[in-house]
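Reader: Could you walk me through this model, one question at a time? I have the sequence and the structure open beside me.

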Amino acid sequence: MSVEFNHTIVLSRDREESARFLAGILGLEVGEPAGMFLPVTTANGVTLDFATVDIDIPVQHYAFLVSEDDFDGVLARLVEARIPIQADPHGRHPRRINRNDGGRGVYFTDPSGHGLEAFTRPYGSDPSSPLNGVTEEVPGAH
């Protein structure tokens, strides 16, 4: 059996603002509107279809595996835009990134309150890494 994740709907207060925010931080493009949806497609073909809704939006978490080079760009754009970052999803390590599995990871929030994450190594890819649990301060971060 061949199963692939193709797309998901991301509820937002303003689809334009949220789609452009994510695309800008990750270095992606916003696609052409398709009905009520505004798509952002990742390198592996998964599309996040942003939709504006007028309801209380439950917070969701979206994680993006990026290369080390792409992570540098993501982090630079977050710092430049003064977007608050943290090394963990609970906010115990603000203005820091994590080094889990020998890679790097960062958490931040989109304009609709969704938790976003960019990281360079899949969870559990190096369980014996001496960097697991280590965080690093990011100069200029908010």
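Reader: How many bridges join strand S1 (residues 7-12) to S3, and in which sense do the two run?
Author: Happy to start there. Strands are DSSP runs of E with at least two residues, helices are runs of H or I with at least four, and both are numbered from the N terminus. Two strands pair if DSSP finds at least two bridges between them. S1 and S3 are joined by 6 bridges, and the sense is parallel.

Reader: Before we go on, what kind of model is this, and how are residues numbered?
Author: This is a predicted model, in which local features need pLDDT of at least 70 and side-chain atom pairs count only at pLDDT 80 or more, while totals for chains, interfaces and linings use all residues. Side-chain values use heavy atoms, leaving out hydrogens and water, and residues are numbered from 1 along each chain as its sequence is written.

Reader: Which residue in S3 is the bridge partner of serine 12?
Author: Serine 12 falls within S1, which covers residues 7-12. Its bridge partner in S3 is threonine 52.

Reader: How many residues of strand S3 (residues 47-52) are buried?
Author: Buried means under 20% relative accessible area, exposed means over 50%, and partly exposed lies in between, with a 1.4 Å probe and protein chains only. S3 is largely enclosed by the rest of the structure, because its buried residues number 5 of the 6.

Reader: Is serine 18 buried or exposed, and what is its relative accessibility?
Author: Serine 18 sits in helix H1 (residues 15-26). Not counting residues up to four places away in sequence, its contacts (heavy atoms within 4.5 Å) are Ser12, Phe50, Asp110, Pro111 and Ser112. Serine 18 counts as buried, because its relative accessibility is 1%.

Reader: How far apart in space are proline 111 and arginine 15, C-alpha to C-alpha?
Author: Proline 111 lies in the loop between strand S6 (105-109) and S7, and it is partly exposed at a relative accessible area of 28%. Leaving aside residues up to four places away in sequence, proline 111 touches Arg13, Glu17, Ser18 and Phe21. Proline 111 and arginine 15 are 96 residues apart in sequence, and their C-alpha distance is 9.8 Å.

Reader: Which residue in S7 is the bridge partner of tyrosine 62?
Author: S4 pairs with strand S7 (residues 115-119) in the parallel sense, over 5 bridges. For tyrosine 62, the partner in S7 is leucine 116.

Reader: Stepping back, in what order do the elements of the chain run?
Author: The chain has 2 helices and 8 strands. Read from the N terminus, the order is β-α-β-β-β-α-β-β-β-β.

Reader: What share of the 142 residues in the chain is buried?
Author: The C-alpha atoms fill a box of roughly 50 × 40 × 25 Å along the principal axes. Among contacts between residues at least 6 apart in sequence, 60% join residues at least 24 apart. The buried share of the 142 residues is 39%.
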